[in-house]
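Thanks for coming. I have one structure to go through today, so please look at it first and then I will talk.

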Amino acid sequence: MPLRSLPRANSTTMASPLPPCTAVIYSALAIVALLLLSATAVNASQGDKEPVYQDCVTQCVRTNCTGARLRGFQSTQAPYMALTGWTCRDDCRYQCMWQTVGLYQAEGYSIPQFHGKEEHSKHFNWPFARFLCFEEPASALASLLNGLACLLMLLRYRSSVPHQSPMYYTITAFSLVSLNAWFWSTVFHTRDTYLTEKMDYFCASAVILYSIYLCCVRTLGLKRPGVSSMVGVLLILAFTSHVSYLTFVSFDYGYNMAANATIGIVNLLWWLCWCWQNRRTLPYWWKCGVVVVLLHGLALLELLDFPPLFWVLDAHAVWHLSTVPVHFLFYSFLIDDSLHLLNTEKTGVKLE
């Protein structure tokens with residue numbers, strides 16, 4: 001689209017409140033609808049399709065990325081940039097991105113997004129100021145902090161809960177799956193490539209599916225192990241199908257978001273039903289309720305999708321930063337519940 005014909009951006013906001021049980025279901029469905037809308041309605045300007053951007057990249061590559069100029073670039077490139085795979089062409093794209101952003105701003109247009117990985121993809125990146133080798137510094141830092149919080153609380157869990165507790169190994173496995181996801185999220189926001197993007201998306205899906213398994217084991221599997229085993233097999237098949245479709249058929253961002261949002265809502269409703277059933281018998285039930293509501297509510301921050309403040313802090317980074325404290329409350333619930341289950345098992349009382 002020619003630079004002078006770009007549309008100006010519009011945004012709308014929605015909100016909806018209701019009372020208890022049906023309210024939870026309606027609110028959950030509203031979250032799914034909003035996430036699906038965001039997945040299909042994104043129509044941001046693609047700065048990398050601008051002729052001025054394409055000409056800039058072509059000229060830069062021709063001038064700087066061959067022969068002696070290329071050898072000069074490689075000899076002066078910082079080791080950490082080479083280690084994370086930044087090439088001469090990547091550097092040209094980065095410099096030309098900012099040249100294009102400057103032209104957009106000079107003509108009064110909204111900030112464009114860049115570097116969609118597929119011809120028909122609606123997934124684009126805002127222009128971020130690179131810090132050292134970090135493409136998206138705030139999101140990378142937020143992912144790292146989430147990983148550290150998860151690791152810290154896993155260590156606290158393991159030091160507080162004896163391994164004889166019925167949920168001990170399931171929760172430990174869930175923590176390791178989560179740590180793996182936050183590792184790849186950090187790597188992806190440090191350096192956005194085909195591999196790191198896929199690993200980020202796939203590992204995030206693994207966490208969401210495993211959270212369903214965790215919920216199933218706690219609510220049904222302790223009394224009916226066969227049920228949780230069957231659900232586990234179904235979840236493995238679902239994950240395999242999901243990854244296969246995204247890898248071999250189409251890396252569809254809208255489908256990925258819709259699938260994750262739907263599974264997340266199932267998880268939300270399942271946990272909230274359990275919380276409601278045990279509100280009179282388990283004094284710590286509220287921790288679980290607050291955590292699942294917070295996690296799904298904070299996901300709505302993604303819908304804001306504003307240009308990064310100071311070219312660093314965007315809605316995605318804000319979302320990741322906001323989830324850091326949630327780990328502490330979640331593991332506080334897991335510790336309380338695991339100790340309760342252990343005591344219940346020792347006294348021979350029927351499991352909730």
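I will cover the nonpolar cores, the spans annotated in UniProt, a surface patch and the salt bridges.

Two notes on the source. This is a predicted model, in which local features need pLDDT of at least 70 and side-chain atom pairs count only at pLDDT 80 or more, while totals for chains, interfaces and linings use all residues. Residues are numbered from 1 along each chain as its sequence is written, and side-chain values use heavy atoms, with hydrogens and water left out.

Let me begin with the cores. By nonpolar core I mean a set of buried Ala, Val, Leu, Ile, Met, Phe, Trp, Tyr and Cys residues joined through side-chain atoms within 4.5 Å. Buried is under 20% relative accessible area, exposed is over 50%, and partly exposed is in between, with a 1.4 Å probe and protein chains only. The largest such core holds 37 residues, and Tyr-157, Trp-271, Phe-330 and Phe-333 have the most contacts inside it. Two or more residues come from each of H6 (137-160), H7 (168-190), H8 (194-221), H10 (253-277), H11 (285-298) and H13 (326-347), all of them helices. Helices here are DSSP runs of H or I with at least four residues, strands are runs of E with at least two, and both are numbered from the N terminus. Helix H13 is the top contributor to this core, with 7 residues.

What does Trp-271 touch, leaving out residues up to four places away in sequence? Its partners are Ser-211, Leu-214, Cys-215, Arg-218, Cys-288, Val-292 and Phe-333, where contact means heavy atoms within 4.5 Å. There is also a second, separate core of 17 residues, with Tyr-53, Cys-65, Cys-92 and Val-101 among them.

Next, the annotation. An unreviewed UniProt entry places "transmembrane region" at several spans, including 253-272 and 284-304. In the model, residues 253-272 are 100% helix and 0% strand, with end C-alpha atoms 28 Å apart. For residues 284-304 the figures are 67% helix and 0% strand, with the ends 33 Å apart.

On the surface, Leu-141, Leu-144, Leu-145, Leu-148, Leu-151, Leu-155 and Leu-321 form a nonpolar patch with about 580 Å² of accessible area together. Such a patch takes residues with over 30% relative accessible area and no salt bridge, with nonpolar side chains joined within 5 Å. Helix H6 gives the most to the patch, with 6 residues. Leu-145 is found in H6 and is partly exposed at 34%.

Last, the salt bridges, each being a side-chain nitrogen of Lys or Arg within 4 Å of a carboxyl oxygen of Asp or Glu. The structure has 5.

How far apart are the closest N and O atoms of Asp-337 and Arg-218? They are 2.5 Å apart. Asp-337 lies in H13 and Arg-218 in H8, so this pair ties together parts 119 residues apart in sequence. Asp-337 is buried at 4% relative accessible area, and Arg-218 is buried at 1%.

Asp-90 pairs with Arg-191 at 2.6 Å. Asp-90 sits in helix H5 (residues 88-106) and Arg-191 in the loop between H7 and H8, 101 residues apart. Asp-90, Glu-135 and Arg-191 are linked in a salt-bridge network.

Lys-287 bridges to Asp-336, also with 2.6 Å between the closest N and O atoms. Lys-287 is buried at 13%, whereas Asp-336 is partly exposed at 26%.

Note on methods: UniProt positions are given in the numbering used here, feature names are shortened, and annotations may be inferred rather than shown by experiment. Patches are made of residues with over 30% relative accessible area and no salt bridge: like charges are joined within 9 Å, nonpolar side chains (Val, Leu, Ile, Met, Phe, Trp, Tyr) within 5 Å. Accessible areas come from the Shrake-Rupley method with a 1.4 Å probe; for residues, only the protein chains shown count as cover.
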